[in-house]
Amino acid sequence: MPKELQVSIAAFSDKGRKQHNQDFYGAKIPSDYLLSLKGVAIAMADGISSSDVSHVASQLAVNNFLDDYYCTAESWSVKKSAEQVINAINSWLYTQTRRGPHRYEKDKGYVCTFSGVILKNRTAHIFHLGDTRVYKINTQGIEQLTHDHRLWISNEQSCLSRALGMDDDCNLEYLHLPVKKG
């Protein structure tokens, strides 16, 4: 019988050059049969600084992802489960912006970057939108696994090209890779 998946999680967030930190992150390590059935879920989101409500988007995205992923059908794959949940979150955020006073200003709406990781068995499933990054750290060093979804206007100026809540279709990036101890 294989050993139960064991992980240790640490997180740190900083506001950087922005006035306010609109990051939100969390993890869920179930203690029952869900650990082997669904795995460990980790997520981070970062609200866009131009919006007064994007911190709400970040918190909602992470909390709903961590809660709703474990409520998906047991027969669904990790990819299908996570994509269904993320698409539902995206739809809700997009709808909230469209119903609000800034319905025609995406940079003022319920928009956030998102990166989620599901560790199940010996595989890391990564779901990504925006420029919140996922890295692999091991004895060989640090490797960035996700790509920033940014549109460069000039050498100094860029904007997000993909994010949760930005459009009705979130165009999620997915990748999976084997993981091992260390």
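A nonpolar core is a set of buried Ala, Val, Leu, Ile, Met, Phe, Trp, Tyr and Cys residues joined through side-chain atoms within 4.5 Å. Buried means under 20% relative accessible area, with a 1.4 Å probe and protein chains only. The model is predicted: local features need pLDDT of at least 70, side-chain atom pairs count only at pLDDT 80 or more, and totals for chains, interfaces and linings use all residues. Residues are numbered from 1 along each chain as its sequence is written, and side-chain values use heavy atoms, without hydrogens and water.

The largest nonpolar core holds 26 residues. Phe65, Ile86, Ile89, Phe114 and Leu164 touch the most other members. Strand 2, helix 2 (54-68), helix 3, strand 3 and strand 4 (123-129) each give two or more residues to this core. Helices (H or I, at least four residues) and strands (E, at least two) are DSSP runs, numbered from the N terminus. Another core lies apart, with 10 residues, including Leu35, Leu119, Leu175 and Leu177.

Strand 1 (residues 23-28) pairs with strand 2 in the antiparallel sense over 6 bridges; pairing requires at least two DSSP bridges between two strands. Here alanine 27 has isoleucine 42 of strand 2 as its bridge partner. Strand 2 also pairs with strand 3 (residues 112-120), antiparallel, over 8 bridges. Alanine 45 stands opposite phenylalanine 114 in strand 3. Beyond its neighbours within four places in sequence, phenylalanine 114 has contacts (heavy atoms within 4.5 Å) that include Ala45, Phe65, Ile86 and Leu164.

On a 1 Å grid over the protein atoms alone, a cavity is a set of points where a 1.4 Å probe fits but cannot get out; a pocket is an open set with protein on both sides within 12 Å along at least five of seven lines; lining residues have an atom within 4 Å of a point. Grid points are joined across faces, edges and corners, and volume is the space filled by probe spheres set on the points.

The largest pocket has about 1,900 Å³ of space. Of its 48 lining residues, Val7, Ser8, Ile42, Leu119 and Val179 are the closest to its centre. Strand 3 gives the largest share of this lining, 5 residues.

There is 1 cavity of 30 Å³ or more. The largest cavity has about 40 Å³ of space. Its lining includes Leu37, Tyr69, Trp76 and Lys120. Helix 1 (34-38) and helix 3 (78-99) each supply at least two residues of that lining.

Terms used
Buried < 20%, exposed > 50% of the residue type's maximum accessible area, 1.4 Å probe, protein only.
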